[in-house]
Amino acid sequence: MNSNMIQENLQNIKATLPKNVTLVAVSKTKPVEDLQEAYNAGQRIFGENRIQEMAEKHELLPKDIKWHMIGHLQSNKVKYMAHFVDLIHGVDKFSTLKEINKQAKKHDRVIQCLLQAKIAEEDSKFGLSFDEIENILASEKLKDLVNIKIVGLMGMATFTDDKQQLHKEFSSLKNLFNKLNTDNQNLKTLSMGMSGDYQIAIENGSTMIRVGSSIFGKRNYN
Ligand SMILES: *Cc1c(COP(=O)(O)O)cnc(C)c1O
C-alpha cells in the first residue's frame, strides 16, 4: 500500500475516536516499511499476533514503540518477548500468566496483561468464560505473581454484519468489566473492536481498539 494511504487512514480513524480510546495499529504480516510509515505519521502502539514476527520488527524499528501481543499465546515463546512487550492482550489460561510472570521476573519487569474473554458465538475463538475470569482475579495464587499485572479485559466479537449481535456481545463484556471494578478490581483497559466493528465496540465502552486492515490495507497470507 502506498505510504500516503497509511497516513491518511490513520488520520481519518483518529479523527473519529473519543479521547479515552487508544488505537493499536495491527501490523501483522505487514513489512517494516509500512510500520515505519505509520510511525512517521505519529503512531506509537503496534499490535502483532506472532511472537517471533513481533520480536524481529522490534529489533528493526524505533525503540519508543509500544508492542502489544494480540494473538493466541504459546507459552514456550513468551521468553522471546518478555524483555520488551508492553501489553499482552490474549491471556486465556492461568498457566500462561505463570509463564509470563516467570519470564518477566528474569528481566526485572512487570508485564501488563489482559484476560481474553470468550464473547463470540463461534467455536473458533479463544477465551475464558466470565466465571473463569472472576475466579482468576479473585484467586489467592494470583497474588504470588508479582511480575505481571492484569490491567483489563479483551474480547473478539463474532464475525458478522448483525449489529445487534455485536452490541450484545460487546455490552456483555462491558458489563463484566463494570462489575469487576465495582467489586474492587482496578481494571482500566477494555480491548474490543477491530476494523469491521470498532465503532460499535466504542459505543459499548471499549477503551482500546485493535485496527489492522483499515490502516494498512488487506492482509496477504501466502
Ligand atoms: C488481526 C487482528 C485484529 C485486526 O483485524 P482487522 O480486521 O484487520 O482490523 C484485531 N484483533 C486481533 C486479535 C487480531 O488477530
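Student: Which element gives the largest share of the lining of the second largest pocket?
Tutor: In this predicted model, the second largest pocket holds about 230 Å³ of space. Helix H5 (130-138) and S6 are the elements that give two or more residues to its lining. The largest share, three residues, comes from S6.

Student: How do the residues lining the second largest pocket divide by class?
Tutor: The lining includes Leu137, Leu142 and Ile148, along with Ser139, Gln185 and Asn186. Lys143 and Lys149 also belong to the lining. By class, the lining has seven nonpolar, three polar and two charged residues.

Student: Which element gives the most to the lining of the largest pocket?
Tutor: The largest pocket contains about 1,000 Å³ of space. Among the 38 residues that line it, Lys28, Asn49, Met156, Met194 and Arg219 are the closest to its centre. Two or more lining residues come from each of helix H3 (51-60), S6, helix H6 (163-182) and S8. The element that gives the most, with three residues, is H3.

Student: What is the make-up by class of the lining of the largest pocket?
Tutor: Lys28 and Arg219, which are among the residues closest to the centre of this pocket, count as charged. Over the whole lining, the classes are 14 nonpolar, 14 polar and 10 charged residues.

Student: Where does the ligand sit?
Tutor: The residues around the ligand include Lys28, Met156, Met194 and Arg219. The ligand sits in the largest pocket.

Student: Which strands each supply at least two residues of the shell around the ligand?
Tutor: Met154 and Met156 are around the ligand, and both positions fall in the range 148-156 of S6. The shell as a whole has six nonpolar, three polar and three charged residues.

Student: What percentage of the area that the ligand exposes when taken alone does the protein bury?
Tutor: A polar side-chain atom of Ser195 lies 2.5 Å from an oxygen atom of the ligand, and a backbone N or O atom of Ser213 lies 2.8 Å from an oxygen atom of the ligand. In the side chain of Arg210, an N or O atom is 2.9 Å from a nitrogen atom of the ligand. Taken alone, the ligand exposes 390 Å², and the share buried by the protein is 90%.

Conventions: Residues are numbered from 1 along each chain as its sequence is written. This is a predicted model: local features need pLDDT of at least 70, side-chain atom pairs count only at pLDDT 80 or more; totals for chains, interfaces and linings use all residues. Side-chain values use heavy atoms; hydrogens and water are left out. A residue is near a molecule or strand if one of its heavy atoms lies within 4 Å of it. A polar contact is a pair of N or O atoms within 3.5 Å; within protein, one must be able to donate a hydrogen and the other to accept it, and residues adjacent in sequence count only if both atoms are side-chain atoms. Accessible areas come from the Shrake-Rupley method with a 1.4 Å probe; for residues, only the protein chains shown count as cover. On a 1 Å grid over the protein atoms alone, a cavity is a set of points where a 1.4 Å probe fits but cannot get out, and a pocket is an open set with protein on both sides within 12 Å along at least five of seven lines; lining residues have an atom within 4 Å of a point. A molecule sits in a cavity or pocket if more than half of its atoms lie within 2 Å of its grid points. Helices (H or I, at least four residues) and strands (E, at least two) are DSSP runs, numbered from the N terminus. Grid points are joined across faces, edges and corners, and a volume is the space filled by probe spheres set on the points.
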